[in-house]
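Open the model in your viewer and get ready to select a few things one after another. At each stop you will read what to pick and what is there.

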Amino acid sequence: MDQTTEENRLDLRGVLCPMNFVHTKLKLEEMAEGQTLEVILDDGEAMRNVPRNVKADGHHILSVHKLPDNSYKLLIRRGTD
Amino acid sequence: MSTQEEPVMEGLKAELRRESRRLRLDFNELKSGGFIKQTQKDLFTVRLRCPGGQVTADKLHLAADIAQRFGRGEVHLSVRQSVEIPYVHYQHFDAITEELKTVNWSVASCGPRVRVPTACAGCTYNPNGLVDTQSMCREVDRRYFGIPTGHHKFKISFSGCPIDCFRSREMDLGFQGVVEPKLVEELCTGCELCVKNCEDEALRMEGSLPVRDLDKCIWCGDCVKICPVDAMVVDRRGWLARVGGKHGKHPLFAYEVANFLSDDQAFSLIEATLGWYRSQGRGRERIGATIARLGLEQYIQEVIHPLGGEAIESPQERRRYWAEGNLYGLRGGEATRKI
């Protein structure tokens, strides 16, 4: 099920809003519909903004996992345009 | 109705009256309209009617053109979203009024009247917006703009969400969009994104499901917007109403008085409040002062209860909306607010 490859992974820890969302968006645009992207985000502002905007763009957040350093790992499935 | 907002000298009024007769201007229109006396002799600022701050390109072109021909080639943007053309000689009022009609435009109001309502983009294109503030604003402008209050100015604004960019707390009547969320338990994956996103800490996990603290929720709808599987949905949507706020030398913070009003209930609230203010107000006081004088309970009994909506009655219910800090009190009152 999880076909996440090295190319479909973004570590956005330390990247500020809204650039973290922009990076996520650009990455998702390169991908084909149905492919999954793994994104690591800081807690706080990033986690408040990025998931919501990803959803608003029509993508699907499949899972949310908390990492030991209090950041979060999101698995996103690319939606239709 | 002998009150005048801007202190205009009697001599000037007489001069204007003579001048308006000569130019066949409607002096009443002049008074109610947004022609505002400047420091400079014979010069006025023409305030244009821009409900919700939405101005078409056609209108903007005309405003620029008028500013170039009759003003000094500049406009000023008022704090309540109006385009104003300064440095206009009163002899041009008639010509300007006529030209504005060609794009279905007119000047705004000043004095003791209902002012042009203000609004954010609301849900039309702002991702935070919960309700259609712009449509509401246009309709309120159409129905109530320029109505004399008999006492003082009356300002109405619309904010699309609890971020309240349009300062509904500082208006005679302020409306703010609210959303009541509901969890569809079967769909929830327990990802906790809603809990993380709730800035009011109104959500917590109990087992694998989020639970909402009804005393903390301010109905911002963030949990609905964040939910990746649409398990958190909108149960109901409406307007939170605030009354009695003002800016000026002696500011007042508005009271929350009703929640989850429909559009029609909001119109009814505006009409009932204007009627109440007209009959209960004294002299040149704002409605906030009328409420302070008579007590908020009387306003709620006479205006809110007959509406049949969800009244907000107690200070405890209001507390959730209050930020920390110096809440305005009446002059001579205590620093913190008394209800």
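Predicted model: local features only at pLDDT ≥ 70, side-chain atom pairs only at ≥ 80, totals over all residues.

The structure holds four cavities of 30 Å³ or more, and the second largest cavity contains about 120 Å³ of space.

To find its middle, select Cys198(B), Cys217(B), Cys220(B), Gly221(B) and Cys223(B), which lie nearest the centre among the 16 lining residues.

**Second stop: a pocket lined by both chains**

Next, select Arg52(A), Asn128(B), Ile163(B), Glu199(B) and Asp222(B). Of the 28 residues that line the second largest pocket, these are the closest to its centre. The space in this pocket comes to about 560 Å³.

Sorted by type, the lining of the second largest pocket has 12 nonpolar, six polar and 10 charged residues.

**Third stop: where the chains meet**

Show chain A and chain B in two colours and look at the contact between them. Nine residues from chain A and 14 residues from chain B take part. Together the two chains bury about 1,100 Å², with 53% of that on carbon and sulfur atoms. Select Arg48(A), Arg52(A) and Lys55(A) next: they supply 58% of the area that chain A buries against chain B, more than any other three residues. You have already seen Arg52(A), one of the residues closest to the centre of the second largest pocket.

Then zoom in on Asp43(A) and Lys196(B). These two form a salt bridge, and their closest N and O atoms are 2.7 Å apart. How many salt bridges are found across this interface? There are three, and 10 residue pairs are in polar contact across the interface.

On the chain A side, helix 2 (45-56) and strand 3 (60-66) each supply at least two of the residues that touch chain B. The largest share, five residues, comes from helix 2. The chain A side divides into five nonpolar, no polar and four charged residues.

**Last stop: two spots in the backbone**

Select Cys17(A) and Pro18(A), which are joined by a cis peptide bond with omega of about 0 degrees. You will find Pro18(A) in the loop between strand 1 (9-11) and helix 1 of chain A.

Finally, jump to Gln81(B), in the loop between strand 3 (76-77) and strand 4 (83-89) of chain B. Although Gln81(B) is not a glycine, its phi is positive, at about 70 degrees.

Note on methods
Residues numbered from 1 in each chain as written. Chains lettered and ligands numbered in written order. Heavy atoms only, no water. Contact = heavy atoms within 4.5 Å. Buried area = accessible area lost by both parts, 1.4 Å probe. Salt bridge = Lys/Arg side-chain N within 4 Å of Asp/Glu carboxyl O. Polar contact = N/O pair within 3.5 Å; in protein donor to acceptor, adjacent residues only side chain to side chain. Helix = DSSP H or I, 4+ residues; strand = E, 2+ residues; numbered from the N terminus. Nonpolar A, V, L, I, M, F, W, Y, C, P; charged D, E, K, R; others polar. 1 Å grid on protein atoms, 1.4 Å probe; cavity = no way out; pocket = protein on both sides within 12 Å on 5 of 7 lines; lining within 4 Å. Points joined across faces, edges and corners; volume = space filled by probe spheres on them.
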